[in-house]
Amino acid sequence: MRTAVVIGASGQIGRPVVEALARDGWAVTAASRGGGRDAAWGEGVRTVRLDRADDGALAAVVGDGCDLVVDVVAYDAGHARQVTALADRIGSAVVVSSVSVYQDGAGRGFDTLGEPDGFPDYPVPVAETQPTVAPGEATYSTRKVAMEHELRAVCDELPVTVLRAGAVHGPYSPLPRELYFVKRNLDGRRDRVLAHGGRSRFHPAAARNIAELVRLAAARPGSRVLNACDGDTPTVAGIGAAIDAVMGVETRTAYLEGPPAGSVGRTPWSVPRPVVFDMAAAERELGYRPVVSYAESLPETVEWLTGELRGRDWRAAFPLLAQVYPDLFDYAAEDAWRTA
C-alpha cells in the first residue's frame, strides 16, 4: 500500500486532503500539532502529533520512508528544508503555497495593497508564468516565494508539486470570508451595502478542490507549480446571493460604484480589479476537474459557521478574522450611511 504523511492534517485543507488520499487507497499518517484529536478518520489513517518548530520531528514521523509527503502549512524556507532534508526517504511531495506570491508589471501585489494605487493590475486570468515577488523574510508572500525556491532547488532529487491556493473556503477556516454574509443573515440584517458595484471577483479555492489537486499530483509525481482554485469565480454579489439561498433568506443590496466608504461596503472580497487565476495548467497536467462548485460547497460551510457562532462572539470564534477585518460588522456605520 502507498504511504503518505500529511502535515497540518487537522486544519481546513488538511482534513479533506487526508480523506481524499485515504479514499484513493493511501495509508495516511495524519500529522498535526494537536494530533487530530477532534478528527473522525476511519481505517487507514494514523494520527500523530508533530511540533513543526522541532526540525527533527518530521524525520521521526517519516521514519524509514514514505511514498508521499503533503505539507499544507509550510510557511517559509525553513519549513521547506525540513521536507527537502528527507529527499532520500520520500518518493514525492506536494506543498501548498499561495497566489499572493504574484506581482503585476509595476511590481504591485498583495504586499502593496495598503499603499496609494497599490492594488495590482493582474492579467485575467493570472497564469503560473506571472512574475512573483522576490524571496525573503519580510512578508507572508516573500516567505512563500522563499519556500518555493527552496523546494525547486531539489527537484532533481525530489519531485515536488507546488500548489498556489486562492481564497480558501470551507469548514475549519481561521479566516472564513463567508462569515460576512452568514452573520448578517443570522443577525436579521436584511439590508447590505457592497462596494465596487458588487462586481468584485477574488478567485475562491474550496479546500475540497485543493484536496483533489493533491490527490491527482500524488498519483502523478513531478516537479511543477500550479494554481489551485475553483472552476468558477463568482462576484461578491453572487456570493451573497448564493449564501442567502442556502440560508433561505431574502435581502436587499445597495451598491457603491466606487471603493468602500470607510467600513461601509467593504467585504473580504472587495477588490477594485478582478483577481482571477488560470487553471488550464492543472487541467492539462493533472486532468483536474473541480469536485465541487462554489455554490455547492456552501451548505457545509454555512452549517459549520452557524455552529461556531452559537453562543459566542464572532471575535472569540475567529480571532484571526477579527484581526484582519476588525470593522467587518460595523452596523452603526452602515445605518448612518443609509440615513445620511
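**Before selecting anything**

This is a predicted model, in which local features need pLDDT of at least 70 and side-chain atom pairs count only at pLDDT 80 or more, while totals for chains, interfaces and linings use all residues. Residues are numbered from 1 along each chain as its sequence is written, and side-chain values use heavy atoms, with hydrogens and water left out.

**The whole chain**

Display the chain as a cartoon: it holds twelve helices and eleven strands. Helices (H or I, at least four residues) and strands (E, at least two) are DSSP runs, numbered from the N terminus. The radius of gyration is 20 Å, close to the 20 Å that the globule rule gives for 340 residues, so the chain is as compact as a globular protein of that length. That radius is taken over C-alpha atoms, and the globule rule is 2.2 Å times the number of residues to the power 0.38. Along the principal axes, the C-alpha atoms fill a box of roughly 70 × 45 × 35 Å.

Next, colour the chain by accessibility. Buried residues make up 54% of the 340 residues; buried means under 20% relative accessible area, exposed over 50%, and partly exposed in between (1.4 Å probe, protein chains only). Of the contacts with a separation of 6 or more, 76% are between residues 24 or more positions apart, where contact means heavy atoms within 4.5 Å.

**The nonpolar cores**

Select Val17, Leu21 and Val70, which touch the most other members of the largest nonpolar core, a set of 78 residues. Such a core consists of buried Ala, Val, Leu, Ile, Met, Phe, Trp, Tyr and Cys residues joined through side-chain atoms within 4.5 Å. Now highlight helix H6 (residues 207-219), which gives the most to this core, with eight residues. Centre the view on Val70: beyond four places in sequence, its contacts are Val5, Val6, Ile7, Val17, Leu21, Val94 and Val214. A second, separate core has 25 residues, including Val61 and Cys66. In soluble globular proteins, nonpolar side chains tend to be buried together.

Move to helix H3 (residues 77-84), where Gln82 is found. Is Gln82 buried or exposed? With a relative accessibility of 7%, Gln82 counts as buried. Setting aside neighbours within four places in sequence, Gln82 is in contact with Arg52, Asp54, Asp55 and Leu58.

Then select Ala27, in strand E2 (residues 27-32). Ala27 is partly exposed, at 23% relative accessible area. Show also Met1, Arg2, Thr3, Ala4 and Gly44, which Ala27 touches when residues up to four places away in sequence are not counted.

**Backbone details**

Go to the loop between strand E5 (90-98) and helix H4 (140-152), which contains Pro125. A cis peptide bond, with omega about 0°, joins Val124 and Pro125. Asp117 is also placed in the loop between E5 and H4. Although not a glycine, Asp117 has a positive phi of about 55°, and with a relative accessible area of 56% Asp117 is exposed.

Finish at His196, in the loop between strand E8 (191-194) and strand E9 (204-206). His196 is not a glycine, yet its phi is positive, at about 55°. At 14% relative accessibility, His196 counts as buried.
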